[in-house]
Amino acid sequence: MNNQAFDLLMWARGPAFDIALMIFAGGIVLRIVEIFVLGRKKDLAPAKGNPVAQGLKTIFSRSVPREGLVKFAPITYIGGYIFHIGFFIAFFFFAPHIALFTDAFGVSWPSTGRVIVESATALALLALIALIYSRFTDPVRKALTTFDDYLVLVLSGLPLLTGYIAVNKLFGDPTMMMAFHILSVEALMIAFPFTKLMHAFSFAISRYYNGAIQGRKGAES
Amino acid sequence: MDNRHSYCATTSKPDDVLSFVATGNAAPLLHEIKHALSKLLDSGVEHIIDLGAIPFGPGDERILDDVLGDGEVSATLTIMGESHVRETKIPGVWRVDHLDEKGQFQSRFIEITFMPDILKTQREDAVQGLETLAGRLDTLKGNS
Amino acid sequence: MSNKAMLPELMKTHGISRRAFMKYCASLASVMALSPAMVPRIAEALENARRPSVIWLSFQECTGCTESILRSHSPTIEDLIFNAISLDYHHTLQAASGHAAEAAREQAMKENYGKYILVVDGSIPIKDPGYSCIAGISNLDMLKETAAGAAAIVSVGTCAAYGGIGHADPNPTGAVGVSEIIKDKPIINVPGCPPIPVVMTGVLAHFLTFGIPDLDELGRPKAFYGESIHDRCYRRPFYDKGMFAENFDDEGARGGWCLYKLGCKGPITKSACATIKWNNGVSFPIEAGHPCLGCTEPDFWDNGGFYKPLSVPAGDYRKAGVAAVAGGAAIGVASALMSKAKKAKAAKAHETVDAHDLEKSS
Amino acid sequence: MSATFERGLNALREQIDAPVASFFTSCVNCGLCAEACIFYRATEDPKYIPIKKLDLMRRVWSREFTLFGWIAGALGLVKPVTDKDFSDWETLVYDSCTMCGRCTLVCPVGNDITMMIRKMREGMSAAGHAPVELIAAAGRHADLGSPMGELHPALHAQVKHAIKDTGIEIEFDKPGVDYMVILSAQEIAEFPDVLGAMAKIFKKAGLTWTISNEAFEATNVGIQLGNRDVARVLVQRVVDAAEKLGVKYVISPECGHAYQALRWEGPNLIGRSYKFEVIHIIELLDKLRAEGKLKTKGKNTQKLTFHDPCQINRRGGINGEPRRLMNMVAENFVETDDAGTMNWCCGGGGGVGSNERAEGLRHAAFKLKKIQLEKVEPEVIVTMCAYCHHTLDNVLEEFNMDQEVMGLTELVAEYLDDDV
C-alpha cells in the first residue's frame with residue numbers, strides 16, 4: 001500500500017529538492033555572474049571619500065529608512081519590515097530549518113521557541129496580506145505592480161502558511177502538509193532566479209554600488 | 001521495576017532530573033477529576049479515567065501522586081494477579097491498579113465513585129458461592 | 001474446532017471468578033484503547049465470542065513480529081486471548097513440521113473455510129515468486145490460496161502491511177505487502193517493526209469482540225495509529241521550547257531534550273509507542289534516548305536516513321548544488337560575455353555626436 | 001548625420017554596466033522612490049514614480065543583457081523597444097526629473113535611480129528625443145562658447161565693472177597663476193556681483209588667479225542633455241585652457257551641474273585625469289577659513305536660511321562647508337526641514353528649467369519648496385548655485401513671495417574683515 005502523503009514528502013525531500021536546488025543555486029549564480037561580468041569603467045575622478053568603506057556601510061545603513069518618509073507609505077514600510085523580519089525569524093531560527101543548514105554547511109546556531117517562531121510567522125503572513133492589499137489599492141503600488149509581484153508575494157506566503165498549518169496540524173494530514181510546505185519552498189526556490197526575489201541577494205550589490213558612488217564624492221548615502 | 005506508566009512514581013527521587021519532565025497533562029486531568037467529583041455529588045454519575053490512554057511524563061505522575069495522596073481505604077484483591085484498590089486523600093476518588101500474576105501492571109484507572117464496582121461481590125460469583133456453600137453443607141451433613 | 005462461545009466454559013475450567021473476568025475486561029478495554037465505559041459491552045461480547053481458527057503465515061520476515069508477540073507471554077490477558085483462539089498453523093510455534101504441518105493448514109482451512117482469521121507476517125516477493133517458498137509452495141500462491149477462505153486478514157508488521165524492509169530500495173525480490181495482492185478481503189494492517197505486542201493482541205481482541213476496528217487510510221486501526229508519536233511524546237515540550245539534543249552525548253541528550261535534530265521521525269509517524277510503550281510499559285525508543293525511526297509508516301527504510309532530520313533533504317543534494325553552482329557560473333559567464341560583446345559592439349558602433357546631430361532628420 | 005532610433009538604442013546599450021544590472025535586478029517595485037520625488041509628491045500622478053521613468057532602459061537591459069530576458073524575447077514574451085517608446089519616455093526623462101537624487105537615497109535596495117536617468121538620457125539624446133531647448137543650447141554652446149550664445153562682450157563688461165567697484169585688477173589669460181576661475185552663464189548674465197566678491201576674497205587670501213578667454217563657461221549642456229560626446233567637447237575646452245595656463249586649480253563656480261560635469265564626470269569623459277585639481281568655490285572658501293586666510297567681521301542680522309543645491313550637496317558631497325561659512329556671517333541662520341542631504345530641489349535643475357514644456361510641472365513642484373520656506377519664513381534664502389538662484393527668483397515672484405535670494409560667496413564677501 002502506498003502512503004501518498006509519505007511518498008509526496010519523500011519526493012519533496014528527495015528529487016524535487018535536488019531539482020529546485022539546482023535551479024535555485026545555478027540560477028542565482030548565473031544572474032550574479034551576469035551582473036559582475038558586465039563590469040564598470042574605472043572612475044578617473046579623484047575620490048573625495050572612501051568608496052569601498054561607504055559602499056560596505058551602505059549595505060547595512062540602508063536598512064533604516066530616512067526620517068519622515070514612513071508616514072507617506074506606512075503599509076509598504078511597516079508591512080515590509082514586519083514581513084522581512086518575520087520571514088527571517090521563521091526561516092533562520094526554527095530548529096528544523098537550522099538542522100538543514102547544519103546538514104548542508106556544518107554550521108549551527110541556537111533556535112528559538114515555538115511561540116516566537118509562530119508569532120513571527122503569523123505576523124509575517126498578516127504583513128503579506130497588507131502588502132498585497134496595498135498593491136491593489138495604493139495608486140503608486142498599483143501603477144508599479146506586475147504579475148511578477150503578485151506571484152512573488154504568493155510564493156513567499158505559501159511556505160509560511162503551509163509551515164504554520166503543518167506544525168499546528170490545523171487541518172489536513174500533517175505529513176501531507178509537511179510535503180506541501182517543502183514543495184512550496186521549492187516553488188519559491190525555482191521562481192527565485194527568474195523573479196525579483198533575486199533582490200534577496202542582489203540588494204547587497206546594489207546598495208554597495210550606491211554607497212560607493214556617493215561615497216566617492218564624499219556625499220551621504 | 002518495569003511497571004507500566006508508574007516506574008517513576010516508585011523509583012524517582014526528588015533530585016532525579018527525569019522526574020521533572022512533564023507533558024502538562026496532569027493539571028487538565030486533575031480538573032477532569034474535580035468536575036467528575038462534583039457531578040457525582042450532584043447527580044450520582046460515576047466516572048472512570050483510563051490512565052493508559054494519556055501520555056504521561058514522570059513529572060506528571062509526581063504531580064498526580066502529590067495532589068491526590070493516600071486516603072483511608074486500601075484493598076488488595078487477589079484475582080489472576082493482584083489488584084490494588086485505594087481511596088485517595090480526596091474521598092470519592094479511587095485509584096484502581098490491575099496487575100498480572102507477575103506483578104506487572106495491566107491497566108490503571110482513576111474512578112470517581114462512592115464504591116468501585118470491582119470491590120463489590122459479583123452476582124454470578126455469589127450464585128457460585130451459594131452453590132459451593134450448599135455443597136459444603138451437604139458434605140458436612142454426610143459426614144456427621 | 002468448536003465454533004460455540006467458549007470463554008465462560010474456559011473460565012469455569014480455570015476456576016476464574018466473575019470479578020476476575022471484570023478485571024480482565026477492564027484491562028482489555030485499556031489495551032484496545034476503548035473507553036472504560038465500554039467494559040460491560042466488552043464483557044457481553046466476550047461471553048458470546050466464538051473461538052475462531054487462526055492461520056499464521058510467515059513469508060519474507062525475520063520472526064521479529066512473532067518474537068514481539070511472544071514477549072507478552074503467559075499468563076497475561078494476551079494469553080487468555082490466545083486461549084480464546086485456535087492457532088492452527090504457525091511455522092515457528094507449532095510442533096508439527098514438514099508434510100504434517102502443511103496438512104494441518106489444509107485441514108484448518110477446510111474445516112473453517114470462510115471463517116478463519118489469516119495472520120500474515122513478512123512481505124511477499126512478486127518479481128520471482130521463487131525467491132521465497134514454503135514446502136515448495138511460493139509465498140504468493142500460499143497467500144492467495146489461504147486468503148481465499150479467510151474471513152479477514154491481519155497483516156502483522158510493516159513487511160506484511162506495506163512490504164517493509166524487503167520493499168526497501170532497490171527491492172530486489174519485488175517484495176510487496178498483502179494488500180497489494182489481496183483485494184477482496186478485509187485487511188487490518190498492524191504495522192511496526194515489530195508492532196507493540198499489546199497492539200497486536202488488542203487488535204485481535206477487538207476483532208473477536210467487535211469485529212473489524214475503525215481503520216485509517218492505510219488500513220491501520222485508528223485506536224492505535226490515530227496520532228503521531230510527536231503529538232503524544234513526553235519530550236514534546238522541549239520541541240516547543242526549541243530545546244534539542246544535537247548529539248547523542250551532549251547536554252541535550254542527557255537532559256532528555258527533543259531528538260528532532262538527531263533524525264526523529266515522530267512528527268510523521270503514527271503509532272501508540274508514546275502511550276502504550278514497550279516491554280510492558282517500561283519505555284519506548286525516544287524515552288531510551290533514540291529518535292523514532294518511523295517504522296509504522298510505509299517505506300520507512302527509504303526516508304533518507306534514520307539520523308537525518310526530517311527537514312533535511314533526503315538525497316545527495318550537495319552534489320546537485322555544487323554542479324548547479326558550477327553550471328550556473330559557466331552559463332552566466334557565457335551569457336555575460338555575450339552581453340559584453342554586445343556592449344563592445346555598441347561601443348564600436350558609437351557615432352560620435354556633436355551638438356548639431358541631436359535632431360531627427362524627419 | 002542625424003539622430004536615429006538605432007543610434008539611441010546603441011547608446012543605451014553602451015550605458016548598461018554592472019551597477020545598472022544590479023539595480024534592475026534588485027528593484028522590488030515597492031514604489032518608495034515615489035514619495036521621495038518632487039514631481040510625484042507635487043502631482044501625485046503615478047506616472048512620475050522615478051523607477052517607472054526607467055522602464056524603457058529596464059526593458060533593454062532585461063532583453064539584451066540577461067539570459068532569461070533574451071529567451072523570453074526570443075519566445076516573443078516581451079516586446080522589443082521601439083522608437084515610439086523613446087518618444088513616450090521623453091517627457092518623463094527630461095521634464096519630470098531634475099536628477100536631484102532624492103530617490104537614490106531612499107531606495108531600500110540601494111538603486112541609484114538618478115545615475116540611471118543620466119544614462120538613459122544618453123540613449124534619448126542620441127535617438128533625437130531631447131527637448132528642443134537643450135538641443136538649441138548645445139548648438140550655441142558648441143559654436144558660440146556658452147549656452148546663452150556669445151558671452152565674451154558681456155563677461156568683459158562685467159569684469160570691467162567689478163574692477164571699478166572693488167579697485168582690484170582682474171587679468172585674463174594670465175599664465176603661472178594658481179587658480180583659474182570659470183563662471184556659469186547665469187552668473188555672467190544675472191549675478192555678476194560674484195566676480196567682485198571673489199576678487200575681494202582672493203585678494204585678502206593672497207591667491208593668484210585669472211580667467212581664460214578660451215574657456216570661461218562652466219556649465220555643460222551635454223550633462224543635462226545626457227550626451228557624453230557633447231559634454232566631452234565642452235569639458236575638454238576648460239581642461240585645455242587650464243592646462244595651457246598651467247594653473248594648479250580650476251574653481252568650479254556656484255553652479256550645480258557644472259560641478260558634476262567638471263569635478264566628477266570630466267575625467268571620465270575625456271578619458272584621463274587632469275593636470276590640475278577642481279575645487280568648488282565653497283570648498284575653497286571653507287578651506288581658506290580653516291587656514292585662517294578668510295576672516296570676517298560682523299554678522300548679518302536678517303533671518304537667513306540655506307538652500308542646498310542637489311548637485312553640490314546630495315550628489316556632490318559639499319554639506320558641512322556652506323554651513324560653517326553661514327555660521328561665520330549669519331546671526332540668525334535657521335535651517336528648513338529636510339535641509340542638507342535631503343533638501344528639496346528648486347525644481348529647475350537637470351535642464352528642466354530651460355524646458356518650456358515643463359513649466360507647469362516646475363511650478364507645481366515648487367509646492368514642496370514653498371512648504372519648507374513657509375515653515376521657517378526666512379528673509380533671505382542663501383544658496384551656492386546660480387541656477388537654483390535663478391529658478392527661486394522666478395518662482396518666488398510667480399507665487400508673490402518676497403524673499404530675497406543671494407549667493408553664499410557674495411554674502412561672505414560682504415562681511416570680509418577689511419582691517420586685517
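D:G128 comes after helix 9 of chain D and has a positive phi, near 85 degrees. The model described here is predicted.

Helix 9 of chain D covers residues 113-126. Its 14 residues, at 1.5 Å a residue, should span 20 Å, and this agrees with the end C-alpha atoms, which are 20 Å apart. Is this helix enclosed or open? Helix 9 of chain D is largely enclosed by the rest of the structure, because 14 of its 14 residues are buried. A residue counts as buried if 20 or more other C-beta atoms lie within 10 Å of its own.

Chain B has 144 residues, of which 29% are buried. Its secondary structure consists of 4 helices and 5 strands. Along the sequence these follow the pattern α-α-β-α-β-β-β-β-α. Of the contacts in chain B between residues at least 6 apart in sequence, 51% join residues at least 24 apart.

Chain B also touches chain C, in a contact with 31 residues from chain B and 30 residues from chain C. On the side of chain C, the elements that give two or more residues are helix 2 (18-31), helix 13 (236-241) and helix 15 (273-276). Which of the elements gives the largest share? That is helix 2 of chain C, with 9 residues. The table divides the residues of this side of chain C by kind.

| Kind of residue, chain C side touching chain B | Count |
|---|---|
| Nonpolar | 14 residues |
| Polar | 10 residues |

Note on methods
Residues numbered from 1 in each chain as written. Chains lettered and ligands numbered in written order. Predicted model: local features only at pLDDT ≥ 70, side-chain atom pairs only at ≥ 80, totals over all residues. Contact = placed C-beta atoms within 7 Å. Nonpolar A, V, L, I, M, F, W, Y, C, P; charged D, E, K, R; others polar. Expected span 1.5 Å × (residues − 1). Buried ≥ 20, exposed ≤ 12 C-beta atoms within 10 Å, placed from the backbone.
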